[in-house]
Amino acid sequence: MLNALRKSIGPAIADEAFSRWLDERVQEPEADANAEVIRDALWGLVREGKLSIRRGGYIVRRGRGRVIVEPRES
């Protein structure tokens, strides 16, 4: 689509028009309130050096009356 636009109206105008169109199409994902609470709760521990999150991260899920945290398989 961009190449056709460049051929019809020129590269400078086409690049500007395409970037504006793309900005309008891209929507920010909705923030997950639970993810924000978890992030806020853990961030203080990370800053204090009491918690280190390894590369690849972890999977957090709920079990029977508990929270299960497992390393994510890469």
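Which helix holds R20? R20 sits in helix α2, which covers residues 11–25. This is a predicted model.

## Overall build

The protein has 3 helices and 2 strands. Read from the N terminus, the order of elements is α-α-α-β-β. The radius of gyration is 22 Å, well over the 11 Å that the globule rule gives for 74 residues, so the protein is more spread out than a compact globule.

A box drawn along the principal axes gives another view of the protein. The C-alpha atoms fill roughly 60 × 30 × 25 Å.

## Contacts and cover

How much of the protein is made up of buried residues? The share is 5% of the 74 residues. To count as buried, a residue must have under 20% relative accessible area.

Now take the contacts between residues at least 6 apart in sequence. Of these, 0% join residues at least 24 apart.

## Surface and charge

The accessible surface of the protein is about 7200 Å². Carbon and sulfur atoms account for 52% of that surface.

The protein carries 14 positive and 12 negative charges.

Helix α1 spans residues 2–9. This helix is hardly covered. Among its 8 residues, the count of buried ones is 0. After α1 comes G10. The phi of G10 is positive, near 100°.

Back to R20 in helix α2. Is R20 buried or exposed? Its relative accessibility is 55%, so R20 counts as exposed. The cut-off for exposed is over 50%. R20 and M1 are 19 residues apart along the chain. Their C-alpha atoms are separated by 14 Å.

An α-helix has 3.6 residues a turn, so residues three or four places apart point the same way.

## The strand pair

Strand β1 covers residues 58–63, and strand β2 covers residues 66–71. How do β1 and β2 run, parallel or antiparallel? They run antiparallel, and 6 bridges join them. G63 stands opposite R66 in β2.

The two strands form a hairpin with 2 residues between them. In this hairpin, G65 takes a positive phi near 75°.

Key: Residues numbered from 1 in each chain as written. Predicted model: local features only at pLDDT ≥ 70, side-chain atom pairs only at ≥ 80, totals over all residues. Heavy atoms only, no water. Helix = DSSP H or I, 4+ residues; strand = E, 2+ residues; numbered from the N terminus. Rg over C-alpha atoms; globule rule 2.2 N^0.38 Å. Buried < 20%, exposed > 50% of the residue type's maximum accessible area, 1.4 Å probe, protein only. Contact = heavy atoms within 4.5 Å. Areas by Shrake-Rupley, 256 points an atom, 1.4 Å probe, with all protein chains shown as cover. Lys, Arg positive; Asp, Glu negative; His and termini not counted. Charge placed at Lys NZ, Arg CZ, Asp CG, Glu CD. Pairing = 2+ DSSP bridges.
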